[in-house]
Amino acid sequence: MSDSILTVLKFCLLALLYVFLMRVVWIVARELRGSASTAAAPAVPLPAPAATGAGRASKRREWRLVVVAPETERGRSYPVEGDVTIGRGGGCAVPLTFDTFVSQVHARAFDRDGTLWVEDAGSTNGTLVNSKRIGEPVKLRKGDRVQIGETVLEAQR
């Protein structure tokens with residue numbers, strides 16, 4: 001082979017390496033920016049949170065997410081007051097640091113007028129409600145199961 005062909009092949013290999021590295025950096029940056037997608041407005045219009053007085057808040061029971069799987073974390077409960085993020089990140093109100101299939105900021109759960117909603121926050125592996133993948137905010141009922149990575153959470157009051 002001539003020197004000019006080898007030189008062209010070297011530059012092609014170098015360009016391929018740079019494309020690969022840029023892709024890796026883009027994925028890592030997107031994962032770290034995961035919290036920015038939770039600030040976006042939900043795709044489905046939701047009622048604004050009502051201003052509740054102390055008397056009304058004490059009468060209704062607050063929502064919570066309870067871990068039902070994996071077995072080692074079963075029973076762990078997380079209250080949902082306003083908006084909470086779910087993920088492996090340190091700032092998440094529902095930290096799932098034990099599950100490697102969970103994104104840094106994987107999903108968001110929020111209470112609107114006594115109704116619990118959950119939405120995916122652009123996670124890599126997606127969010128499932130009652131074994132169905134969701135692409136927009138979904139209204140939860142008592143007993144509904146939310147799967148995030150390999151973790152299953154149950155909506156309870």
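No disulfide was found: a search of the whole structure returned zero. The structure is a predicted model. A disulfide is a covalent bond between the sulfur atoms of two cysteines. Cys12 is partly exposed, with a relative accessible area of 46%, whereas Cys92 is buried, at 8%. Cys92 is placed in the buried class because its value falls under 20%.

The strands include an open sheet of five, arranged in the order 4-3-5-6-9 with mixed pairing. Strand 4 (94-95) and strand 9 (138-140) stand at the edges of this sheet; each has a single partner strand, so one side of each lacks a neighbour in the sheet. Within the sheet, strand 3 (residues 83-87) is joined to strand 4 by two bridges, and these two strands run parallel. Gly87 lies opposite Pro95 of strand 4. Strand 3 also pairs with strand 5, here in the antiparallel sense and over four bridges; in this pairing Ile86 faces Ala107 of strand 5. Strand 5 (residues 107-112) is in turn connected to strand 6 (residues 115-120) by six bridges, again with antiparallel direction. Arg108 is positioned opposite Glu119 in strand 6.

The loop between strand 4 and strand 5 contains Gln104. This residue is partly exposed, with a relative accessible area of 25%. When neighbours within four places in sequence are set aside, the contacts of Gln104 are Glu31, Gly87, Arg88, Gly89 and Cys92. The C-alpha atom of Gln104 is separated by 9.7 Å from that of Thr85, which is 19 residues away along the chain.

A further open sheet comprises six strands in the order 2-1-11-10-7-8, with antiparallel pairing. Its edge strands are strand 2 (77-80) and strand 8 (132-133), each of which pairs on one side only. Strand 10 (residues 145-148) and strand 11 (residues 151-156) run antiparallel and are joined by four bridges. In this pair, Ile148 is found opposite Thr151 of strand 11.

In soluble globular proteins, nonpolar side chains tend to be buried together. The largest nonpolar core of the model has 21 residues, of which Leu65, Val80, Ile86, Ala109, Leu116, Leu140 and Ile148 touch the most other members. Two or more residues are supplied to this core by each of strand 1 (63-69), strand 2, strand 3, strand 5, strand 6, strand 10 and strand 11. Strand 1 provides the largest share, three residues.

Gly75 is located in the loop between strand 1 and strand 2. It is exposed, with a relative accessible area of 51%; Gly75 is classed in this way because its value is over 50%. Its C-alpha atom is separated by 9.6 Å from that of Leu65, 10 residues away along the chain. Beyond residues up to four places away in sequence, Gly75 touches Val66 and Val67.

Note on methods: Residues numbered from 1 in each chain as written. Predicted model: local features only at pLDDT ≥ 70, side-chain atom pairs only at ≥ 80, totals over all residues. Heavy atoms only, no water. Disulfide = S-S within 2.5 Å. Buried < 20%, exposed > 50% of the residue type's maximum accessible area, 1.4 Å probe, protein only. Pairing = 2+ DSSP bridges. Contact = heavy atoms within 4.5 Å. Core = buried A, V, L, I, M, F, W, Y, C linked by side-chain atoms within 4.5 Å.
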